[in-house]
Amino acid sequence: MTDENHNNTPSSDPSAFVRRGIPPLRRGFPARGAMLAGRGGRGGRMNPVASWNYSGDEREPGLVEYLEAKQSTVRGDPDAVLDAIWEYKQQVGHLMIVGKSKGLGVEKLIRERKPKLILELGAYVGYSAVYFAKLLPEMYPNGIYPSEWNAENAGNEDRVGYISIEKMDNFAEIAEKVVDLAGLGEVVKIINGSSTPVLKSLRKTLNMPAPTTLDMIFIDHHKPLYTNDLKVLEDEGLIGKVPRAALLSILKILIAWYAQGTCIVADNVVMPGNPAYLSYIRATPQAKRQSASKGILDNPPASFHPNCSTKEEWQSSFRDGPLEETRWVPPDSEGVRGKGNPELVYEGWMLDDVHEAGGWDACEVSICQGEVGDGA
Ligand SMILES: C[S@@+](CC[C@H](N)C(=O)[O-])C[C@H]1O[C@@H](n2cnc3c(N)ncnc32)[C@H](O)[C@@H]1O
């Protein structure tokens, strides 16, 4: 599981953490049901767990020191680096990194789907990047990796890589060090920047011509940005199944049959929860078209949070929206508004996890089936 502080930026007064030392993980939170209902059920925004301070103190630079002290035994060995980070996490109480059970679920998905191009939103210290990117050289020993990407091999099917976007300069720097230590410097490209504008120019940055799409996306950054960033990815044609080139319809249907659509894995959709994202990714094209025609909202609407107490209830919620809050563009998107492509169809399920705070959390897994009219 991963968690983050509510606005995803560390405390504005880092010295406060230094004065207090590394804060232990807070205990004594209410039960999950109480959290969901406690913020007013339908009127609440996110679970209180989202407001814990999980990062931004000396624990991240401390991780680098810890790993450097062990480098003779961990260098070049991704599993040893992951174990050392986990060991360190036990010592400091908490790091907002993907949990082992969820990590295993995503690993299984990667092994099944064999993605070549994976995008991650939110690198933090590079733990999930090492966890998932280490599978790429195993699957594609002869791939062309980001360090070799250039205009000549743009669009080449052998391009393989793990791209991770991280907003905080210090975390991006740490993630690079961790990835290098794991021997994955050639496989992983960390982009230091705010996700939404970075996504807008990602094709150009990566020299990745249309109609190439991403094979997998792991969304694990600022929760209110999930929906707008997904829409930007849709706008940029980075999500899909059938290449958008002008193909004969019959050929399109055949490709749609064999092709693998982009697989999107969005973390923490139950805890702290992300109703807007679930509403959008699960909505029908018709509902999305209607919502898109209404334009943007100037202020965030009251968030819908269903009072679901079972997984079955979560699974069946949001099928018909509401899409109201997906029309608001959070300020963290830095003025880049995603319009989205209502014609894209997704099929999905929830990947279980146990939240460290207790209770059930999940990733929403969505596989793009292509556009309406492409046989989707
Ligand atoms: C939960 S952590 C990611 C954990 C990581 N995926 C792992 O499992 O090891 C969330 C990260 O997203 C970053 N973040 C928040 N807002 C962002 C944005 N707009 N663009 C890029 N990164 C952002 C935060 O700085 C933080 O490092």
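Strand β2 (residues 161-166) and β3 pair in the parallel sense, joined by five bridges; two strands count as paired if DSSP finds at least two bridges between them. Helices (H or I, at least four residues) and strands (E, at least two) are DSSP runs, numbered from the N terminus. The model is predicted: local features need pLDDT of at least 70, side-chain atom pairs count only at pLDDT 80 or more, and totals for chains, interfaces and linings use all residues. Residues are numbered from 1 along each chain as its sequence is written.

**Sheet**
- Glu 166 has Asn 192, in β3, as its bridge partner.
- The open sheet has seven strands in the order β3-β2-β1-β4-β5-β7-β6, and its pairing is mixed.
- β3 (188-192) and β6 (344-354) are at the edges with a single partner strand each, so one side of each has no neighbour in the sheet.

**Helix across the sheet**
- Helix α15 (residues 275-282) lies across β5 (263-266), β6 and β7 (360-371), and runs at about 30° to β7.
- Such angles run from 0 to 180 degrees between N-to-C directions, with axes fitted to C-alpha atoms, for helices over the stretch in contact.
- Contact requires C-beta atoms, placed from the backbone, within 7 Å.

**Helix α3**
- Arg 59, Glu 60, Leu 63 and Leu 67 of α3 (residues 59-69) are buried (20 or more other C-beta atoms within 10 Å of the residue's own, placed from the backbone; exposed means 12 or fewer, partly exposed in between).
- These buried residues fall within an arc of 100° seen down the axis of α3, so they line one face of the helix; the arc is that of the directions from the helix axis to the C-beta atoms.
- On the other side of α3, Glu 65 and Ala 69 are exposed.
- The cover over the buried residues of α3 includes α4 (71-74), α5 (78-92) and α9 (169-181).

Key: Contact = placed C-beta atoms within 7 Å.
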